[in-house]
Each structure stands twice: as C-alpha cells, then as structure tokens.
Amino acid sequence: MQIELTQAPFLNAPVLLLIAGLGGMGSYWLPQRAALAEHYQLVVYDQRGTGVNKEPLPNDYCLADMAHEIHTAMLQQGIVHYNVLGHALGGLVAMQLALDYPAAIDKLAIINGWLQLNAHTRRCFSVRETLLHDSGPGAYLQAQPLFLYPADWMAANQPRLEAEEAMHNAHFQGQENLTRRLNALKVADFHATAAHIHQPVLLICSRDDLLVPWNCSEELHHALPDSLLEIMPWGGHACNVTAASDFNQRLLRLLATEPAYHKEIV
C-alpha cells in the first residue's frame with residue numbers, strides 16, 4: 001500500500017495518521033493538512049480499493065483488514081507509534097487499530113463516528129445503495145453531497161461541487177469495491193469492545209449532520225473509558241471541510257489536551 005509521509009518543521013514531531021471515510025481518498029484531508037503539518041508528521045493515504053491503491057477487494061473484506069493494511073504500511077516506514085484522525089468509516093478503522101495494535105496507538109480523534117450504524121444512517125446508506133445499483137455511479141455521486149454538506153453551503157458552492165463530482169467520477173473506486181467497503185461499515189459493532197479502548201479519544205461531531213446524527217458521537221463518548229466530546233453547531237457530515245477553520249482550531253486544541261478528560265461534554 002502506498003502512503004504519503006509529510007515531515008513536520010521540527011525534529012521528533014509526533015506522527016498523525018489521517019483516515020478518510022467511505023470515499024477512501026487521502027485528498028479528503030486537504031483542508032487540514034497545512035494546519036496539522038505545523039505540529040505533526042502527517043501520513044495520508046488512499047485506502048485499499050480506492051485511488052492509487054485501487055485493486056479488487058475480497059468478498060469478506062472487513063475493518064480488521066483495513067486496520068491491518070495501514071498498520072503494516074506504517075511499520076514498513078519504520079513508524080511504530082502514531083496518533084490517528086478518522087472521519088466516519090475512518091473513525092471505525094481508528095478504533096479497530098486501537099483494539100488490534102494498542103501498543104502502537106497513542107491517541108485517537110474521531111469525527112462523526114458511532115458505535116454501530118443506527119436506523120437513520122442505515123436508511124441513508126440504503127438509499128445511496130439503491131441509486132448505485134439501479135442508476136449507476138453517476139447518480140450515486142450526484143446525490144453524495146446531499147449527505148455530506150449543509151444546504152446553505154451547497155447553494156453557495158455549486159462550482160466546487162461540480163468540480164468535486166467530476167473528480168469523483170474520474171477516480172470512482174468501482175461498484176464492487178464500494179459495496180464491499182460499505183458492507184464492512186454496516187456490520188461493524190463496537191458495543192462490546194469500546195470499553196477496551198484505553199487510549200485517549202477525541203470526538204468531534206456536528207449537530208446538523210444529516211447522515212450520522214450527533215447523538216451517535218454522544219453514545220460513543222459514554223462507551224469509551226477516556227474520551228472528550230466536542231459538538232460543532234454547524235458543518236454537516238463533512239464539517240472539517242465546510243467549517244475548516246473552526247474545525248482545525250478545535251482539533252488542535254483537543255489534541256493538545258492532556259488526559260484524563262473526565263468525560264466532559266463541551
């Protein structure tokens with residue numbers, strides 16, 4: 001697996017691995033890279049089955065596979081300790097890394113995550129799958145922004161949305177790969193294992209997230225032994241994109257916070 005390592009401007013900077021959501025592309029983190037690169041060595045990558053790492057995925061592909069692939073790639077680069085920032089599916093992979101490779105993971109940050117897919121999010125994904133299978137990738141990608149961004153932001157950013165849609169069409173991961181990665185997401189359940197994640201976990205969610213209700217992060221917060229939850233008032237599912245400046249400030253402040261967090265909701 002190809003990964004990209006960005007050096008920080010000072011020696012011995014901690015490593016921060018960035019894991020995107022279902023889209024899988026490392027380019028998702030462009031709004032964070034400049035701010036984070038001042039403090040961390042960043043590792044960004046296209047997930048297996050997507051982008052430069054596109055290849056057919058097995059039928060039984062699961063979160064443990066996703067965690068194993070990136071952890072192996074990190075070790076191949078000589079990285080044995082690192083922090084993880086994950087968005088949605090990326091947050092699930094972050095938790096799987098903490099469970100499977102606890103000695104390697106220092107701290108987690110999860111954006112709009114969950115313990116288990118709730119009924120509303122499952123309905124949203126069902127609608128998206130129907131579009132994908134009945135109408136094709138073009139219709140799926142055309143509808144995708146509706147689940148990611150607030151309506152007012154979309155109305156003000158139509159040229160950007162058109163450019164994003166063209167880019168996603170050009171680099172589409174393929175219907176079978178997307179379905180297998182989505183299946184891995186749908187069966188993930190951390191109810192029984194979240195209590196075994198002992199690393200500090202930072203949770204950020206957006207109150208107006210259409211795809212994953214904000215209280216999913218609250219539920220996750222209460223299930224984790226050492227976590228801090230911060231709720232953004234606006235930004236949608238991709239709040240790190242739509243409200244990047246606010247998000248980056250919150251994230252850097254939380255990453256600098258020392259444990260324990262006393263399970264305080266901010």
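Select Cys-62 to begin: with a relative accessible area of 31%, Cys-62 is partly exposed. (Buried means under 20% relative accessible area, exposed over 50%, and partly exposed in between, with a 1.4 Å probe and protein chains only.) Now jump to Cys-239, which counts as buried at 0% relative accessibility. The closest cysteine sulfur to that of Cys-239 belongs to Cys-205, and at 7.9 Å it is too far for a bond. A search of the whole structure turns up 0 disulfides, a disulfide being a pair of cysteine sulfur atoms within 2.5 Å.

A word on what you're looking at: this is a predicted model, with residues numbered from 1 along each chain as its sequence is written. Local features need pLDDT of at least 70 and side-chain atom pairs count only at pLDDT 80 or more, while totals for chains, interfaces and linings use all residues, and side-chain values use heavy atoms, leaving out hydrogens and water.

Next stop, the core. Select Leu-17, Met-74, Tyr-82, Val-84, Leu-92, Leu-97 and Leu-108: of the 58 residues in the largest nonpolar core, these touch the most other members. (Such a core is a set of buried Ala, Val, Leu, Ile, Met, Phe, Trp, Tyr and Cys residues joined through side-chain atoms within 4.5 Å.) Color helix 3 (residues 89-100) too, as it gives the most to this core, with 7 residues. Helices (H or I, at least four residues) and strands (E, at least two) are DSSP runs numbered from the N terminus. There is also a second, separate core of 30 residues, including Leu-36, Leu-228, Met-232 and Phe-247.

Zoom in on Leu-108, in strand 5. What does Leu-108 contact, leaving aside its neighbours within four places in sequence? You'll find Val-84, Ala-94, Met-95, Ala-98, Ile-197, Pro-200, Val-201 and Leu-202, where contact means heavy atoms within 4.5 Å. Leu-108 is buried at 0% relative accessible area.

Now try helix 9 (residues 215-223), where Cys-216, Ser-217, Leu-220 and His-221 are buried. Look down the axis of helix 9: the buried residues fall within an arc of 145°, so they line one face of the helix. (The arc is that of the directions from the helix axis to the C-beta atoms.) Show what covers them, and you'll see helix 3, strand 5 (105-111), strand 6 (201-206) and strand 7 (227-232) among the elements there.

On to the rings. The structure holds 2 aromatic pairs. Rings of Phe, Tyr and Trp (its six-membered ring) pair if their centres lie within 6.5 Å; planes under 30 degrees apart count as stacked, over 60 as edge-to-face and the rest as tilted. Tyr-28 and Trp-29 are edge-to-face, because their planes sit at 80°, with centres 5.2 Å apart. Tyr-149 and Trp-153 make a tilted pair, 4.5 Å centre to centre with 40° between the planes.

Last, select His-87 in strand 4 (residues 82-87). Is His-87 buried or exposed? Buried, with a relative accessible area of 4%. Beyond four places in sequence, His-87 is in contact with residues including Tyr-28, Trp-29, Asn-112, His-237 and Asn-240.
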